[in-house]
Amino acid sequence: MMLAWLKNNKYVAMLMVFVRVYLGYQWVVGGWHKLTGGFDATGFLTNAINNPVADKTTQELVYPNFVNFIEHFAMPNVKLFNFIIPIGELLVGIGLIVGGLTAAAAFFGLLMNFMFMFAGTLNTNPWLVLLGGIVLIAGTNAGRYGLDYYLLPLLRKTLKIRKPDGGGKYTPTGTAKAH
């Protein structure tokens with residue numbers, strides 16, 4: 001019942017505009033500061049390796065696979081991460097603000113937030129995860145009053161994707177029409 005409400009209600013879609021813009025603004029600001037401020041992930045990655053999230057009692061690593069990923073993939077490719085993190089943050093923010101590929105933007109925003117949290121960074125990440133999760137669950141309804149209104153029907157037509165219910169072709173109003 002709650003999921004259907006989030007995914008279909010036009011008032012939820014209106015509320016999602018405010019949530020999307022707030023969330024998108026947070027991502028754009030973060031990405032822009034990194035792009036213009038000489039961002040280098042080396043210190044962050046080094047700290048994630050040297051001070052991993054560990055159980056306070058046993059001192060066992062909580063996310064050993066993530067530490068291995070950082071140590072053996074991210075750190076050797078830090079120049080790539082210096083590029084993709086700020087660009088990714090900026091693209092996620094823009095997508096959320098304009099409501100374009102909203103669910104994908106929310107997904108990739110969540111992915112980045114979880115990576116930051118796995119590294120032990122908390123700051124605003126849990127708040128952004130909560131809001132991003134709501135946007136992701138709302139799915140296409142989150143972008144109803146945004147670029148997705150025009151973009152998703154065009155993508156579905158171009159890629160010949162049917163609506164999830166298997167009905168007719170997708171129309172901008174969200175109703176299925178018979179062939």
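Student: Is Thr 102 buried or exposed?

Tutor: The model is a predicted one. Burial is judged from relative accessible area, with buried meaning under 20%. Thr 102 has a relative accessible area of 0%, so this residue is buried. Thr 102 belongs to helix 6, which covers residues 102-118.

Student: Which residues is Thr 102 in contact with, leaving aside its neighbours within four places in sequence?

Tutor: Arg 20, Gly 95, Leu 96, Val 135, Ala 142, Gly 143 and Asp 148 are in contact with Thr 102. Two of these names, Leu 96 and Val 135, return when we turn to the nonpolar core.

Student: How many residues does the largest nonpolar core have, and which have the most contacts inside it?

Tutor: The largest nonpolar core holds 28 residues. Met 16, Leu 23, Trp 27, Leu 45, Ile 70, Leu 96 and Val 135 are those with the most contacts inside it. Two or more residues of this core come from each of helix 2 (10-36), helix 3 (42-50), helix 4 (64-74), helix 5 (78-98), helix 6 and helix 7 (125-138).

Student: Which residues does Leu 23 contact, leaving aside its neighbours within four places in sequence?

Tutor: Leu 23 is in contact with Leu 96, Leu 128, Leu 131, Gly 132 and Val 135. We may follow Leu 23 into the packing of helix 2 against helix 5 and against helix 7.

Student: How is a pair of packed helices described?

Tutor: Two quantities are used: the angle between the axes and the distance between them. For helix 2 and helix 5, the angle is about 155 degrees and the axes are 7 Å apart. Angles over 145 degrees count as roughly antiparallel, and helix 2 and helix 5 are therefore roughly antiparallel to each other. Helix 2 passes helix 5 in a left-handed crossing.

Student: At what angle do helix 2 and helix 7 pack, and how far apart are their axes?

Tutor: The angle is about 135 degrees, and the axes are 10 Å apart. That makes helix 2 oblique to helix 7. The crossing of these two helices is left-handed. Met 16, Val 19, Arg 20, Tyr 22, Leu 23 and Gln 26 of helix 2 meet Trp 127, Leu 128, Leu 131, Gly 132, Ile 134, Val 135 and Ala 138 of helix 7. This contact has 10 nonpolar, two polar and one charged residues.

Student: What is the relative accessible area of Gly 132?

Tutor: Gly 132, a residue of helix 7, has a relative accessible area of 3% and is therefore buried. Leaving aside its neighbours within four places in sequence, Gly 132 is in contact with Leu 23, Ala 106 and Leu 110. The C-alpha atoms of Gly 132 and Leu 96 are separated by 9.6 Å, although these residues are 36 apart along the chain.

Student: Where does Met 75 lie?

Tutor: Met 75 is in the loop between helix 4 and helix 5. Its relative accessibility is 22%, so Met 75 counts as partly exposed. Leaving aside its neighbours within four places in sequence, Met 75 is in contact with Thr 42, Leu 45, Thr 46, Ile 49 and Ile 70.

Student: How many helices and strands are there in the chain?

Tutor: There are eight helices and two strands, and the pattern read along the sequence is α-α-α-α-α-α-α-α-β-β. Of the 179 residues in the chain, 36% are buried. Among contacts between residues at least 6 apart in sequence, 68% join residues at least 24 apart.

Notes:
Residues are numbered from 1 along each chain as its sequence is written. This is a predicted model: local features need pLDDT of at least 70, side-chain atom pairs count only at pLDDT 80 or more; totals for chains, interfaces and linings use all residues. Side-chain values use heavy atoms; hydrogens and water are left out. Helices (H or I, at least four residues) and strands (E, at least two) are DSSP runs, numbered from the N terminus. Buried means under 20% relative accessible area, exposed over 50%, partly exposed in between (1.4 Å probe, protein chains only). Contact means heavy atoms within 4.5 Å. A nonpolar core is a set of buried Ala, Val, Leu, Ile, Met, Phe, Trp, Tyr and Cys residues joined through side-chain atoms within 4.5 Å. Axes are lines fitted to C-alpha atoms, for helices over the stretch in contact, and angles run from 0 to 180 degrees between N-to-C directions. Angles under 35 degrees count as roughly parallel, over 145 as roughly antiparallel, 65 to 115 as roughly perpendicular and the rest as oblique. A crossing is left-handed if the near helix is turned anticlockwise from the far one by less than a right angle, and right-handed if clockwise. Ala, Val, Leu, Ile, Met, Phe, Trp, Tyr, Cys and Pro count as nonpolar, Asp, Glu, Lys and Arg as charged, and the others, Gly among them, as polar.
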